[in-house]
Amino acid sequence: MKFTLSWLKDHLDTTDSLDTVTETLTRVGLEVEAVEDKAKALQAFTIAYVIEAKQHPNADRLRVCMVDTGAGEPVQVVCGAPNARTGMKSVFSPPGTYIPGKDITLGKGVIRGVESNGMLCSAAELQLSEDHDGIIDLPEDAPVGQPYATYVGLDDAVIEIAVTPNRADALGVAGVARDLAAAGLGGLKTPQVLPVRGAYPCPVKVTLDFAEADKHLCPAFALRLVRGVKNEPSPEWLQARLRAIGLRPINALVDITNFMTFDRNRPLHVFDAAKVKGDLTVRRARDGETILALDGKSYTLTSEQVVIADAHGVESLAGIMGGEASGCDETTTDVLVESALWDPLNIARSGRALGINSDARYRFERGVDPDFTRPGLDLATAMILDLCGGEASEIIFEGDLPESASAIDFPWSEVKRLTGLDLPQIEMKLALTSLGFHVSGAGERVKVAAPSWRGDVAGKADLVEEIVRIAGLDRVVSTPLPRIKGEVVKPVLTVLQKRTRAAKRLLASRGLVEAVTWSFISHDAATLFGGGSRQLVLANPIAADLSDMRPSLLPGLIRAGQLNADRGLGDVALFEVGQVFKDDTPEGQFIAAAGLRRGTARLEGVGRHWDGAAKPVDVFDAKADLMGLLTGLGVPVGGLQIVAGGSSAGGPAWAHPGRSATLRFGPKGVIGAFGEVHPKVLKALDVKGPLVAFEIHLDALPLPKYKPTKVKSKLALSGFQPVTRDFAFIVEKTVAAGEMMKTAQNTDRALIADVAVFDLYEGQGVEAGKKSVALAVTLQPVDKTLTEAEIEAVGAKIVAEMAKRYGAALRG
Amino acid sequence: MNEIDNLGASLLADIAGAQDETALEQVRIAALGKAGSISALLKTLGAMTPEERKDKGPLINGLRDKVQGALSARKEALGEAALDARLASETVDITLPVREGPEARGRIHPISQVIDEITAIFGDMGFSVAEGPDVETDDLNFTKLNFPVGHPAREMHDTFFFAPDANGERKLLRTHTSPVQVRTMMAQEPPIRVICPGRTYRMDSDQTHTPMFHQVEGLVIDKKAHMGHMKWVLEEFCKAFFEIDNVKMRFRPSFFPFTEPSVEVDIQCSRKGGEIRFGEGEDWLEILGCGMVHPNVLRNCGLDPDVYQGFAWGMGIDRIAMLKYGMPDLRPFFEADLRWLAHYGFRPLDLPTLTGGLSS
């Protein structure tokens, strides 16, 4: 919303400075977005009298002028303008002035041997026109010493404010002035609107053609004819105002409606009566009806839109934009003026559907003052009669104005309750009444009726806001919020929140870099990772490849990895901890942690090195990250099952079936998976490997057991030396080493403290299709040193068990 | 000179001349071995008369002790020299670079870091952290928050929608974390003190807007919380978060459907040379929106607005991260460019605390 300071002063009797006005606007909630103040920019340019202009002794084209600037002694100025002459009045700028048209700051100078202390200026130098033929030539009565901008009326600053959706009333200058008056900036002097008596009945009839349920679409419609007008260009003052706020003057009738829109937040419409055939009907449009609107575009309508039609068809889009066919131009002699009320919701929807952003739509969808429907028409009529002449008809008024809302029961104490601010009752009452509220009753509780232009005010809290914004929010005193209990703060984070935080730090400490990628990914990528269901597809994605809520963090990470590789950083280790989606319910959203390693981005180091180059990443890097994460989070991994295999074994479809596994606590407790990314997935996503990854759902992890005390279990240390025995078994290649370890462990759970795989061998010396798995078994005696025979017995038992279960033979 | 002195001089010369431990050992054996020269002399003692022994004994034993002492001294000296020689031969080029460890490569994203900072500050004021789903209902994202159906305020949000389900209801991506406030109020009896950090979505894209961004909202509900408390909480937060002693804030009346009165907060700053600094200067920078929770919202959540009251605020996590740490553009936050993350990211153990400081 833009207006000029002088326009504001039509409504507000104030002597306050522009700065005070703009500060106050922001203070009361009408945030100033921009102020354009030519007067300030041109402050140094003042009116001066040329006492004498004589020829420069050393230059034919220059003159030496003695100038009376109105401030002390005459000033000598060298001037090159052909029109500089004795006795003229022009515009002077002293040294130090910034000259906008030349983008220089003026200095004192000596020009061809003659001192020059300033400049006489052209309009171009002030950036006021293209005219640089000579210096500005002012009338004889121009007051010497006065700022030029003030003299020519350029001291009218243009103010632009941001108006919040609740403050429709501030979309007119009168409403802005009301707020400023209430805030103490001066008296409100908006002129009263007097009814204009019609000299004859309006010849055009109006029908509100709505079913009972649709009557809200046009609650009221007022119309009158003014005949015999002359629709010439509007007067300069009106054109200047419209131009100042960025509108193009058209003709007097149109300019008047624009003026009413911005002055009083009362959009109107004018029809050229000669182009209207028959009577007017206000109704829903018929599907397929079209209109060529005043913006020169043609619109096809549906029954969702409301129109004003005559015997020709649709003449105007109600409350949004008029039609070209019945528009007013310089030939218009008889004009129909409409002032109506429309349903804000319908206007908003229609405007959105048609893609029209007009000043009328903007106001009607926020809500205009219903009580100003008829006065608005009278005011416009008066302006038309004044500027265009003519004779007005009586007003046709169809429909009814809505009843005003009931008064609010308001205890003054509400202000202190909600703001902590203790204001005198008289101040609170004055704030309300000066904003147009009606306060009735006395004492602690009063009835407050909101004015018709404040449809947004419905309850006590709204009144508190009105009072406190006029009083000033700066008066609200900052008050410490007491602790709920006066004690040391209890921990606030949940187990999942702590694990989410810890997971990030753990993964970062393993050399992975945290990425935050989009929650939405392409439909193809979503489908590839088990998503893509219809309920998670956006109806209006911002881009075609950001259409589906991600079922997994991996597509985003894989894509990010490739983008880095494309930039020359191929050894990428990334992780993300964030939400993934299984369906559109709150329960279908999970917190996942995923990691990705690419190239040679291994834990121990990256890339080539004098001490030996890093190998390309493999599936065990992903497994190490995942296991490291689980142990780091303190998840008990005793019951964890690592189930090998790809999608056919119930594992992830994104992973290499022979180089991946699913992690679960029991058949239904799947927590995640790790693996090498499947070559088909690499191809489908157009990325290059090697690429290994893991992903788990943090919310699927078992919760720690509740313990009544923080005491740790007793530490039992054995005083006897542990003994380690090595066994190398020859087994089929398909036998899982992990199973062999479990078998060895289970041979004597009390005695065997640890089983490790210390060697793995295939090749020469081992039969084809078989492998050698070397286990180091550590025995920890508890109550006595083991005898060699006891150790041998355990060993024999392990060997027997391995032979039985896996057909394993000791390697010779 | 007698025989013993001669032998002693000869042996000591041999010891001094031994160039390594092997040579020295040979000297030892030649002197003190079974067939050694000193051993031979010692053997003669047995055949001597007491008088002879009394005379020769100390001489021979003295010789033995002297030679033994010289042997061990020489051995130690040779050992030292050998060690020196070994150490010299073992010298490596210590300037060779070691592999960069994982702790040097890993990074925490600024958003995670700033969420941890915010949590540390509000946790100290007794706020817990509430979370909710990104896919929300229209009811919780708008209607319960007092956005009338079709109200222009809804348009300001540029909402992402999903296709309508069988009942015609269409879910959406939450445009703010306010639905978490609603869920909290519906689930929990006051007093309530929560912050709600999380991802939010609006159809917007330019230097300072991305279709996905992060917000943190706060909510206080009890029977006394008023705007003065709100002012204090926000002032204290800004001081703690930006790690400055003084902050000048401007509270301006504004409009949000879910608060009444509604306030926008500007923070005073200087913008010298394109760098924003708080606690100085004459410029204002909008930083957050807040207000007293609207009575309709309280009612919609089952709370009586004449009994309960409170305030709420919301701000952009990405935005305050940019203001604090100086990233000029929001878009790279979500591009996972390793160069950007290495520069703007945080070390794994840069854990923000109030005791140790939020940032190092």
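1. Ala336(B). With 24 C-beta neighbours inside 10 Å, Ala336(B) counts as buried, because the cut-off for a buried residue is 20 or more. The model is a predicted one. Ala336(B) lies in the loop that runs between helix H12 (317-325) and helix H13 (338-344) of chain B. Its phi is positive, near 55°, although Ala336(B) is a residue other than glycine. Most residues other than glycine have a negative phi, and most peptide bonds are trans.

2. Arg112(A). Is Arg112(A) buried or exposed? Arg112(A) has 12 other C-beta atoms within 10 Å and is therefore exposed, the cut-off being 12 or fewer. Its place is the loop between strand S10 (109-111) and strand S11 (114-116) of chain A.

3. Cis peptide bonds. In chain A, the bond from Gly689(A) to Pro690(A) is cis, with omega near -5°. Pro690(A) sits in the loop between helix H18 (679-684) and strand S38 (691-697) of chain A. In chain B, Glu260(B) and Pro261(B) are joined by a cis peptide bond, with omega about -5°. Pro261(B) belongs to strand S7 (residues 259-270) of chain B.

4. Domains. The domain assignment divides chain A into domain 1 (2-37 + 157-188), domain 2 (40-151), domain 3 (206-399), domain 4 (408-472), domain 5 (495-700) and domain 6 (723-810). Taken over C-alpha atoms, the centres of domain 2 of chain A and domain 4 of chain A are separated by 56 Å. Chain B is divided into domain 1 (3-89) and domain 2 (109-344). The centres of these two domains of chain B, again taken over C-alpha atoms, are 91 Å apart.

5. Nonpolar cores. The largest nonpolar core has 173 residues, and those with the most contacts inside it are Val335(A), Ile467(A) and Phe311(B). Another core, of 74 residues, lies apart from it and includes Val513(A), Val516(A), Leu528(A) and Ile108(B). Which residues does Phe311(B) touch, not counting those up to four places away in sequence? Phe311(B) touches Val220(B), Ala225(B), Met227(B), Met230(B), Cys290(B), Gly291(B), Met292(B) and Val293(B).

6. The contact between the chains. Chain B contributes 71 residues to the contact and chain A contributes 76 residues. On the side of chain B that touches chain A, helix H10 (residues 227-242) of chain B gives the most, with 7 residues. The residues of that side of chain B comprise 39 nonpolar, 16 polar and 16 charged.

7. Helix H12 of chain A. The buried residues of helix H12 (residues 425-434) of chain A are Met428(A), Ala431(A) and Leu432(A). Seen down the axis of H12(A), these buried residues fall within an arc of 95°, so they line one face of the helix. The face turned away from the buried side of H12(A) carries the exposed residues Ile426(A) and Glu427(A). Packed against the buried residues of H12(A) are H5, helix H11 (413-419), strand S28 (438-440), strand S29 (445-449) and helix H13 (460-471) of chain A. Gly436(A), with a positive phi near 100°, follows H12(A).

8. Helix H2 of chain A. In helix H2 (residues 18-27) of chain A, the buried residues include Val21(A), Thr22(A), Leu25(A) and Arg27(A). Their cover includes helix H1 (5-9), strand S3 (31-36), strand S13 (158-162) and helix H5 (173-182) of chain A. Gly29(A) follows H2(A) and has a positive phi, near 105°.

9. An antiparallel sheet. In chain A, an open sheet of 5 strands has the order S6-S5-S4-S7-S12, with antiparallel pairing. Strand S6 (75-79) and strand S12 (119-120) of chain A each have a single partner strand, so one side of each is left without a neighbour in the sheet. Strand S7 (residues 89-93) of chain A and S12(A) run antiparallel and are joined by 2 bridges. Met119(A) in S12(A) is the bridge partner of Ser93(A).

10. A mixed sheet. Another open sheet in chain A is formed by 5 strands in the order S15-S18-S21-S22-S23, and its pairing is mixed. Strand S15 (206-208) and strand S23 (321-322) of chain A are the edge strands, each pairing on one side only. S15(A) pairs with strand S18 (residues 280-284) of chain A in the parallel sense over 3 bridges. Val206(A) stands opposite Leu280(A) in S18(A).

Notes:
Residues numbered from 1 in each chain as written. Chains lettered and ligands numbered in written order. Predicted model: local features only at pLDDT ≥ 70, side-chain atom pairs only at ≥ 80, totals over all residues. Core = buried A, V, L, I, M, F, W, Y, C linked by C-beta atoms within 7 Å. Contact = placed C-beta atoms within 7 Å. Helix = DSSP H or I, 4+ residues; strand = E, 2+ residues; numbered from the N terminus. Nonpolar A, V, L, I, M, F, W, Y, C, P; charged D, E, K, R; others polar. Domains from an automatic or database assignment. Arc of directions from axis to C-beta. Pairing = 2+ DSSP bridges.
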